[in-house]
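Subject: Structure for you to look at

Hello,

Please find the structure below. My notes on what was found in it follow.

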Amino acid sequence: MAGFRDREKQHFPLTSIQAVVDLFSDQLERGDEVDLALLSIVLGCIENTLTMNRSSHSNVDESKTITPIFPVVEADTIEALYAKFTALIKGAVDLTKFESEYATRELVKRVSDVVWGSLTRAYYKDKAHLQSLFSFLTGNKLDCFGVAFAVVAACQVLGFKDVKLSLSEDHAWVVFGKDSSETAEVTWHGKGNEDKRGQPITEAVRDKAWLYLNGQPVVCTRQMEAAAMVSSINPAISATIDSVEMGSLQQELLCLLYQKGHLSRYPMAIGNLADLEEISSIPGHPTSNQLFEEAIRVAQTHYNNQHVYPYTYFGGYMYRHKQYAKAIHAWAEAASVIKGYNYTREDEEVYKEFLEIANDFIPTIAKVCFKEESSSSGESSLLQNPAVYADLLRIYDGICEWEEGSSTPVLHTGWAQQFTFSLSKFDPRVRSLLDIHVENEEEEDEDGEEKDSSKPNGKDKQEKETDQAASQKALGVEKEKDTAATQRTRRGRKR
Ligand SMILES: CC1(C)CN=C(N2CCN(c3ncnc4sc(CC(F)F)cc34)CC2)S1
């Protein structure tokens, strides 16, 4: 049974980042006995000190040197909050009604009601720093992730080891029971949506739904729940200023979790570490590039490639580093994932991702490269690269297919304007280097006709090759170097 005992107390008072890392390391060695309540209260306490009501010059002296400040975290501060949490939970749940070793839906709903019932009536739900048990216990405020996390921490206090946090890219719920076979909503999602707390996530709800990752969520171990708590650290002091100390603490803890193997099934946490390493890399740590690529491999290997964010993490990184062809390729992979989903009103977060990619990042790339081309000797290779053009078509095709069969439209004329603007910046000759193949399995097209793939793009082979040779010569593209990009497209309705 977790608890605030000598093993934990010996780490206090915590006076440095390393002391917190040592506490986490010691806890992680306890396997599934990692004490979620203890760690969440500690992190919330430190975040509160380092980011809340900090006058902008509290640690800058007249010589403009910034003295790093780290709060001293006393044992009795943490112990008092820990006791408050355990008293609240144990006092509100009559365990004599729940004899089984495994949690029941009624138990999970009861715990969710206790957390829910303790929250302040009205507050801004998406404010920062509302994710930890420190916020819950000192301010009676939690964000939607925080409620789900608090329910899991409470079930741990009650001794239910089977209640685990289940995470998608924009929602959180729990699994419980023998072999984690049961699911339950325990928090709300988004704005203006009735909460569904207590209900299971059924196949009908999760299939083709990005909010539930089509049945491929990250089901956490205790150590991965610690990783989720670390990922939810918010170092922001204001909209423009971050606490350097809090960011370093988050980076050191994510790296500790990574090195112990606890991020090996958690793509978003790997992406968070990659972002932090990009901001300030630490010698001996894995590089951003390695981490972003690993997050993609994890999603492909363990989650049937149903996750979007590993590709938009990587695409954003490549965009920031002006590696535009790689950015566009990553976004094409992201579009290939989203096209398998049906868009609903609860998917605003991923809608905003694709909106920014298609209507901001890609038009900016087209403008920058077009300007370069017209100013320099005219070889902006990106706008003459058929592979990039093919990826662009995959992005737009994927977004269109995402909309197909969806209850809510995705596209509006603003999208079409930006699509055509960006495509128009490409050298028209790339089109003749593009071979659009439709995989001609015994697929039928919309009206059931057998597909005639003998004449792709309506030209026979001879004509195609003549066109291609002319364009390659004109673009100075050697055959072997820049072979025509082939775009393999699967046609067919979503089920
Ligand atoms: C490519 C991006 C736009 C960059 N940051 C992204 N994040 C996505 C969300 N983040 C996360 N990072 C670790 N774990 C989780 S669990 C979760 C859903 C919530 F409801 F619990 C979100 C999330 C971190 C930051 S996606």
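Helices α11 and α13 are roughly parallel to each other (angles under 35 degrees count as such). Their axes cross at roughly 15° and come within 9 Å; axes are lines fitted to C-alpha atoms over the stretch in contact, and angles run from 0 to 180 degrees between N-to-C directions. Helix α11 covers residues 267–279 and helix α13 residues 309–320. Helices are DSSP runs (H or I, at least four residues) and strands likewise (E, at least two), numbered from the N terminus.

On the α11 side the contact (heavy atoms within 4.5 Å) involves Pro267, Met268, Gly271, Asn272, Asp275 and Glu278. On the α13 side it involves Tyr309, Pro310, Tyr313, Tyr317 and Arg320.

The model is predicted: local features need pLDDT of at least 70 and side-chain atom pairs pLDDT 80 or more, while totals for chains, interfaces and linings use all residues. Residues are numbered from 1 along each chain as its sequence is written, and side-chain values use heavy atoms, with hydrogens and water left out.

Thr466 sits in helix α18, residues 461–475. Thr466 has a relative accessible area of 47%, so it is partly exposed (between buried, under 20%, and exposed, over 50%, with a 1.4 Å probe and protein chains only). Its C-alpha atom is 9.7 Å from that of Ser432, 34 residues apart along the chain.

Of its 495 residues, 51% count as buried.

Regards

Note on methods. Angles under 35 degrees count as roughly parallel, over 145 as roughly antiparallel, 65 to 115 as roughly perpendicular and the rest as oblique.
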